[in-house]
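The following paragraphs lead the reader through the surroundings of a ligand and then through the pairing of several strands. Please keep the sequence and the model in view while reading.

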Amino acid sequence: VKPREFEYVRPTTVDDVLALLAERGDDAKLLAGGQSLVPMLNFRLTAPDLLIDLNHVASLRLLRRVDGWLRIGAMTRQSTLEASATAAESWPLLRAALRWVAHPPIRNRGTVGGSVAHADPAAELPVVLATLDAVFHVASARGRRSVPAAEFFTGNLSTVLETDDLLERIDVPPPVDGTLWAFKEFARRHGDFALGGAAATIVRDGERCARLRLGLMGAATVPVVADIAAAEGREIGSLAELDVTDEIGDLIHPTPDLHGDAQFRRRIVLAMAHDAVRDAAARATGEPLS
Ligand SMILES: Cc1cc2nc3c(=O)[nH]c(=O)nc-3n(C[C@H](O)[C@H](O)[C@H](O)COP(=O)(O)OP(=O)(O)OC[C@H]3O[C@@H](n4cnc5c(N)ncnc54)[C@H](O)[C@@H]3O)c2cc1C
């Protein structure tokens, strides 16, 4: 299948991208890694008049720690973030989740910003970035704004981004020292989109849990993040026995498709949530990871 004919431009600065979007945004698409957009063009699920290639805008490729925050330019390749020692040292959840994103050749082209802007509810990065309270920096010719992760995703494949908006950068806040973490997902084959998954973080207060947070993937049309009240103050070693179903059950409304009905997907998300809590706690107790 071939895409409909389109114009192609290759700007080199953010200002040029914003000017193009201001003029032609309604009829244009931004091209990042192309790993989601190109199949959609080929199937004519989208048919823009203009493709604005972001691959030559060098300022969108930054990846560094600034004042304790991790700054991720939108055009940072998924594989670059996966390989980053800085990211792995302080935000290990990112690398753990990225290993589940498709296959290495796709992560070599696919970008962090593209994954976030595409907003697939079964994608790893949106849910992990939401769990980590990331902030999304959006620019347009109208100005710049920062959007917290909790407000960025609005539905299946949709976000607050307008047709003249560019996602410029994603900032991840400094981690709390000693935070325990785990990422679990279930896919039919490694590299397939997940049927369900969960990220868990445990902020410690000595041997006790100060905060247990779960990020749920494939649970709804947007990433679902919940802090588990029943975990507060409990000994970390006892969290493996904690049943989180009461607190997250009402938040899980998966979309059925040919890979699984809603009930099947719901059970997978719950199982991944329990496994993630158990594995995060096991990092403190030395129990083997599942
Ligand atoms: C076989 C296969 C398997 C895959 N499996 C997975 C998987 O398991 N998990 C997963 O998470 N993903 C998976 N993906 C998708 C992959 O992660 C994509 O790289 C990602 O969804 C989109 O990133 P991209 O850089 O390729 O963006 P593109 O495809 O170029 O763009 C995607 C969308 O985002 C918009 N966009 C891109 N950048 C910006 C920006 N800076 N500002 C505003 N809008 C922007 C584009 O206009 C487009 O609408 C898979 C892809 C393939 C082909």
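An oxygen atom of the ligand lies 3.3 Å from an N or O atom in the side chain of Gln78, where a polar contact is a pair of N or O atoms within 3.5 Å. The model is predicted: local features need pLDDT of at least 70, side-chain atom pairs count only at pLDDT 80 or more, and totals for chains, interfaces and linings use all residues. Residues are numbered from 1 along each chain as its sequence is written, and side-chain values use heavy atoms, with hydrogens and water left out.

A polar backbone atom of Gly34 is 2.7 Å from an oxygen atom of the ligand, and a backbone N or O atom of Ala102 is 3.2 Å from a ligand oxygen atom. Taken alone, the ligand exposes 970 Å², of which the protein buries 88%; these accessible areas come from the Shrake-Rupley method with a 1.4 Å probe.

In total, 30 residues surround the ligand, and the closest are Leu30, Gly34, Ser36, Leu37 and Thr111; a residue is near a molecule if one of its heavy atoms lies within 4 Å of it. By class, this shell has 16 nonpolar, 11 polar and 3 charged residues, with Asp, Glu, Lys and Arg counted as charged, Ala, Val, Leu, Ile, Met, Phe, Trp, Tyr, Cys and Pro as nonpolar, and the others, Gly among them, as polar.

Which element gives the most to the shell around the ligand? It is α7, with 4 residues. Helices are DSSP runs of H or I with at least four residues, and strands are runs of E with at least two, numbered from the N terminus.

Strands pair if DSSP finds at least two bridges between them. Strand β4 (residues 63-66) and strand β5 (residues 69-73) run antiparallel and are joined by 4 bridges; Arg65 has Leu70 in β5 as its bridge partner. Strand β5 is also joined to β10 by 4 bridges, again antiparallel, and Gly73 has Arg169 in β10 as its bridge partner.

Methods
Polar contact = N/O pair within 3.5 Å; in protein donor to acceptor, adjacent residues only side chain to side chain.
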